[in-house]
Amino acid sequence: MTLPQILVFATLALWVGRWTPARPWLLLAISVLAIYWTQPALPIRGLDFWLPTATLAVTIWVWGIARPERKEPPATGEADAAPRAPHLPARVLEFLRRGDQDGRAALLIAALILGLGATRYLGPLCCVTPSRPPEFWQIAVGVGGAALLAFALRRFAAGRRGALEGAVWALLAVFILLKTDPLAQAAALGLRALTGQSQAMASALDIRWLGFSYVAFRLIHTLRDRLAGRLPDLSLAAFVTYIIFFPAFTAGPIDRVQRFSKEFAGKPDWSGFERILWGVFKKFALADTLALVALNGVNASQVIHPGWLWVLVYAYALRIYFDFSGYTDIAIGLGRLMGFHLPENFERPYLKPNLTTFWNAWHITLAQWFRAYWFNPLTRALRTGRWQPPLSVVILLGQLSTMLLIGLWHGVTWNFALWGLWHGVGLFVHNRWSEATKARFASLNDHPAAQRFLAVVGALATFHYVALGWVWFALPSAALSWQTLLKLFGG
Amino acid sequence: MTNQPVSWRNVLLKALVLFLVANLLFAATDPRPALGRLSLYNRLFPGRLRLPYGERPDLAYNLSLNNLEAMFASHEIAQPRPAETRRVVLIGDSATWGYLLRPEQTLAARLKQRGFQVYNLGYPTLSATKDLLLLQYALRCQPDLIIWLVTLESLPLDKQLTSPIVQKNAAEARRLIADFNLRQLNLPAEDRMAALWSRTLWGARRDLADLFWLQMYGILWAGTGIDQYYPAAYDPPQSDLEADQTFHGLQPPTLRADDLALDVLAAGVQMAGATPVLLVNEPIYLSQGKNSDLRYNFFYPRWAYDQYRQLLAEHCQQAGWRCLDAWNWTPAAEFTNSAIHRSPAGEQQLAEALAPVIQEILGGR
């Protein structure tokens, strides 16, 4: 998000916060428009229009498959709706209330997509989309096709285990395709061939699908919870809004649908302003300034003195924290202005005394997601399966694989894998260490000064372990990362 | 404590008043020069070996800014003067600054390797008035010798005031024009409202950001010793030339002294006072290609350049200036991407040629 976008979103959030009855519809409309507006321009013709459209289509298909059997009116957030008001938005709302809610939501989404498509004819570049939308007939065909498939899925595949599992695998497949450079490049080649563009220019960066990572996580969460029978019955409007909620669309946090769906009629909280200002300060003042001197693939090999290399590593560590937590603050602040209380994603992670507490405080919602949908099922399976390894092996496998997957979530590269393994090993070592020394440290319970000292030493050691881990994360190749690590220690 | 509801109108009103007061206070005091003197260079980071200038800050770890105090404060010349040393400063254009050269390859560095305490105060853009502005600051550092490298392209009247550093320090440039009676130079009168606006906190936000970024880039300068972006490849100086004989709108056959800002050179020598100034007509690329009988290079038609050399020599003789005409001291193969930018070997050759002259001048002091 850019500063003007944040300003516009804050203004819209203020406005949406005032209209409790119309809020679900306004949120849906704004979120749909926002995913087009925030999508960066792409070199492949029309793709920066089709990708947000695909986000909406996939979301609606998943809703069609995952929707629980309906017994009573779905949760839409309209339960607390105020009686009829004489204002225009309220009248529009009244009009929309007639008939099938989900049908109206689908119509609204389709109308917005077609409306955006029609801006193609308004001028050289209009309004919301990053480049000129495709031909209107193409959009109409695309929307029609997506609607037909949604209808078919809802009619024939809703609630079927095979469909639910298939959708999870399909999402993972798209995810892997986007995050693996050779695959993304091959896809770019195909798309360029389709649009008649030069294939020599094909690059993995051609397919920058903004927000897909978070969308995929939320969709998989809903599919898995549907399989477990925990998914609430949501209207299409509520479901789509949850998946593409504009404050959290680009950088999280990853809320749980069960919690999110209860807040459509929440009371606006003005403290959101303060949170947005903090976020803007963190992101645009601190993080962007630190970015000037943060470790990167160019300066890592240019630095001559190890002392200054440490400064670059520290700058990177702080930069990535302020950048990400700044965006989270902005998202949480925007949410609060509309009555939503998005979960916290960062809890002063660099002050934590060990790696385990660090991962309870860094990108909290992502870590929770992996804990819920990977670590817990895996360790449960290992402990209850036919082959029951010792506890330490269960922990090792669980932590290594979880952190490896978190690493690969950032991109399928050796460096992200090594970063994940770095943390997996760190977590395992800490787990074993704390088990082994539990009794010894228990004797320090009566010595607060000693505990404080240990906490400070622990925080320093943890911060440095994490900071060194960023060397894998920040640099483009494992060889350069290794050289940099050696150089940091005078090698 | 009572939990009173926040009045957002009052908050906004107070914020607005505070913002206005802060802006007016900033404009009234204009602390930019004082802020410029606050520098981490020469304290936390080593001083820069040349004045800050950078077209690609993210890759050069350097940037162009307008605050002369900050520029000098970041330079190694801002360090306390060591006892028993004699300082030599080089003033000039991008060739002196060392475009495409590493800090250790510039003329100043080559002279330093020969035992002189030389400071590179060259700065890209061709304008003798820009040089005069920088000379003013250089003199504060009590040099024992000033070597001023000039070329004809720095002297046309229309080039004098177009350099961004002159434009952004217009008040100082006006003062110099008035103090040294540089009547040929006409800098438009100050627009008071625009000047006031530029001095407010809001109007000066870019200058303030530049000051901050200069300090931040000090980290990478200290860590890497890099202060310039080096492109992987560049075009050599143009060898085949147009048959055009005009020079800045002037037609052959005669170049008059009034066509050039020679009085700016005189002002520099006068400003230096007792400090000796060595004026060096810097080497130029001599083309052997098409139309090289009409032009020496992309910059200069032969008629204009030949007469400039003659005019400069006459002025030097009449005014008693120390001058060196080094116009053909560097072979054509030792120019990089323009008719004045020298290669590392070119700098080495020039340094070798200049060293005895410097020794002679300093030896006499």
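Q: Among contacts in chain A between residues at least 6 apart in sequence, what share joins residues at least 24 apart?
A: The share is 74%. Keep in mind that this is a predicted model.

Q: How much of chain A is buried?
A: Of its 491 residues, 41% count as buried.

Q: What secondary structure does chain A have?
A: Chain A has 20 helices and 0 strands. Its radius of gyration is 24 Å, close to the 23 Å from the globule rule for 491 residues, so chain A is as compact as a globular protein of that length.

Q: And what does the C-alpha trace of chain A span along its principal axes?
A: About 70 × 55 × 50 Å.

Q: Which domains is chain A divided into?
A: Domain 1 covers 21-81 + 93-265, and domain 2 covers 274-488. Taken over C-alpha atoms, the centres of these two domains of chain A are 31 Å apart.

Q: Switching to chain B. In what order do the strands of the open sheet come?
A: The 5 strands are in the order S2-S1-S3-S4-S5 in chain B, and the pairing is parallel. Strand S2 (117-120) and strand S5 (322-325) of chain B are the edge strands, each pairing on one side only. From one strand to the next, the twist averages 20°.

Q: How many bridges join S3 to S4 in chain B?
A: There are 5 bridges between strand S3 (residues 145-150) and strand S4 (residues 277-281) of chain B, and the two run parallel. Leu149(B) stands opposite Val280(B) in S4(B).

Q: Which helix lies across S3 and S4 of chain B?
A: Helix H12 (residues 262-272) of chain B does, running at about 155° to S4(B). Helix H14 (residues 344-363) of chain B also packs on the sheet.

Q: Which strands does H14 of chain B touch?
A: H14 touches strand S1 (87-91), S3, S4 and S5 of chain B, and its direction makes about 145° with that of S3(B).

Technical notes:
Residues numbered from 1 in each chain as written. Chains lettered and ligands numbered in written order. Predicted model: local features only at pLDDT ≥ 70, side-chain atom pairs only at ≥ 80, totals over all residues. Helix = DSSP H or I, 4+ residues; strand = E, 2+ residues; numbered from the N terminus. Rg over C-alpha atoms; globule rule 2.2 N^0.38 Å. Buried ≥ 20, exposed ≤ 12 C-beta atoms within 10 Å, placed from the backbone. Contact = placed C-beta atoms within 7 Å. Pairing = 2+ DSSP bridges. Axes fitted to C-alpha atoms, helices over the stretch in contact; angles between N-to-C directions. Domains from an automatic or database assignment.
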